[in-house]
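This report covers one chain on its own and then its contact with a partner chain.

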Amino acid sequence: MTTPVLEVQGLRKHFPIKQGLLGRVAGHVRAVDDVSFSIAHGETLSLVGESGCGKTTTSRCILRAITPTSGRILFRDEKGDAIDVATLDRKGLKPLRRRMQMIFQDPFSSLNPRMTIAEIIGEPLLVQGMSDARERQARVSELLRLVQLPSAYLNRFPHAFSGGQRQRIGIARALALNPSLIVADEPVSALDVSVQAQIVNLMLDLQDQLGLTYLFVAHDLSVVKHVSHRVAVMYAGRIVETAPTTRLFTAPRHPYTEALLSAVPVPDPRRRAQRIVLQGDVADPSNPPPGCHFHPRCEYATEQCRIETPELTEIEPGHEVRCLRAAELSLRGVASQ
Amino acid sequence: MAEPILRVRDLSTYFFADEGVVRAVDGASFDLYAGRTLGIVGESGCGKSVTARSILRIVERPGRIVGGEILLRRPSGQVVDLVGLPSDGQQMRQIRGGEIGLVFQEPMSSLSAFHTVGVQLIEAIRLHSGLSKKAARDRAIELLALVGIPRPAQRVDAYSFELSGGLRQRVMVALALAAEPHVLIADEPTTALDVTTQAQILELIARLQRERDLAVILITHDMGVIAEMADDVVVMYLGKEVEKGPVDAIFHAPRHPYTQSLLRSIPSVLAEPRARLATISGSIPHPLARPAGCPFHPRCPDAMPGRCDVDTPVEVTIGDNHVTACHLYPEPVA
């Protein structure tokens, strides 16, 4: 793995809370509050966390579906030059759009019901200037083959397909323009288990075959274990821990990661867990607690955690933690089989 | 073991749509005991939720219970067949909510946004008891405390939208327990929740079960939740029970090819990173196009042509309380 395709530095997205008739700004929801990470070519980085942690807002900033409040989003082009996507205007973004694609969560609402499969997958090709119909058709057939759908399906409409097949169509559409980065936001969480496995395998196979780079946004740690090279855990707008997959699962260094791992139900009645059941609710990003955002729920918190905001610090090569006590705590991960 | 509190025998609930008949539940049979949890697990369209709705007699048209018995032992000791009762009659209304509590998946849409939590709880309490408004309010505060809601005396006047998802689901549990039922049906109670909140709610249900000797039916698609919570398990596929048995047998000695494939295809935090998952080929058929014979045969790795696609397998006992419906396990010759 070489130079990063994407480098995010100090990303912030604050949404104003408006009140009253005049829309006076009464505060801010700090949805993303100082997020930094990078993704190498051919790598899968998973962004995990619970609802409201800012993982989806982060991915929407990267795709520039929304404009970040501050921070840099460096995207490397084919020549190796870094472009800061965070500040580009519409015109500047257009050539980059083809290089960043998205796979959506809900295969039922993300495909236009009035378009045939050929039109859905062919549309990005048309938008980016492939005007020759025959050329387009050939490319669409090739894409269908990649996602293992028969080309006989070309002229059908989305309603004729199951959830899993629709997700394959969504993947084919994302692949159409040979993107450098694919952002997949909960791509399998709406699917049944038996179909979910097929899509997870397909995404892994396509990555090996085509050298794809994924930013995988998910809440399900089991799925994350199966797809990621590295994992970043978010809590209340901040990354609290980043590590290679095996390390994060077997030797977590942040108390939130430990609690998150212990909360995952394991499909084995002989391993009914001694769970760490966190008290209280996820921190409110419009009114986050001072110091470490996690301290009110953390069983290891000290007085210092209430006052001092920890920084994301590298404690071992490739393993970063945002915890004042990271060096002294010994935390429990999940054992490998 | 004691007498079951609920006995379901050959329950069949069909939906009569213009396009054809959907056999949503097709011959379900199981027993539920006080203090134990029965897990019903399966993927979309397997009939797990319709089973729950049938027991509560809240199946909506064009659905109808077409056969079978649902035998509930009432506190008086009398056994009634719920199938024979009018669904909106007085007896059924006493049982629904009174003797069988229900927790739904979506706490946002199951709670009223127009009434405070307290008003909804007080209504549920007074419906099934003769308490005065004042006494019912005190009882509501007690219930909120029981389900672990901080500052219950203030929260009783909160609206559901002022609460987080986890607290809302706790209110749902409090509502389900308002009339002190003996049976609790939880239909995907944690599916809409985050994992750490899910852990809180599962722990709450387990604690209440211990304290009150509740009989719980837990309906979920999540094998992990089943492994954590259930004593006995029913695995369903397209309206049919394919396998049922004690939780340990289902996870460690599954016999039906569907149970086996399903267990292999679950992603696990214990797996090697980037390990490929075992898959089940194809997808779940449309309920109107249920395959003949065994409904799983088109996706089954062990299907026997000429048999599985023709004859519907019957349930065969293969171990201690362990039953499967599969042609691989021939009926014992009587």
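What percentage of the 334 residues in chain B is buried?

## Basis

This is a predicted model, in which local features need pLDDT of at least 70, side-chain atom pairs count only at pLDDT 80 or more, and totals for chains, interfaces and linings use all residues. Residues are numbered from 1 along each chain as its sequence is written, and chains are lettered from A and ligands numbered from 1 in the order in which they are written.

## Chain B

Buried residues account for 51% of chain B (buried: 20 or more other C-beta atoms, placed from the backbone, within 10 Å of the residue's own). Along the principal axes, its C-alpha atoms occupy a box of roughly 70 × 50 × 45 Å.

Chain B has 11 helices and 12 strands (DSSP runs numbered from the N terminus: H or I of at least four residues, E of at least two).

## Contact of chains A and B

Chain A contributes 43 residues and chain B 41 residues (contact: C-beta atoms, placed from the backbone, within 7 Å). On the side of chain A that touches chain B, H6(A) gives the most, with 8 residues.

## H9(A) against H8(B)

H9(A) and H8(B), residues 195-212 of chain B, pack at about 55° with axes 8 Å apart (axes are lines fitted to C-alpha atoms over the stretch in contact; angles run from 0 to 180 degrees between N-to-C directions). Ala259(A), Leu260(A) and Ala263(A) of H9(A) meet Val195(B), Thr196(B), Gln198(B) and Ala199(B) of H8(B).

Definitions and conventions:
Two residues are in contact if their C-beta atoms, placed from the backbone, lie within 7 Å. A residue is buried if 20 or more other C-beta atoms lie within 10 Å of its own, exposed if 12 or fewer, and partly exposed in between; C-beta atoms are placed from the backbone.
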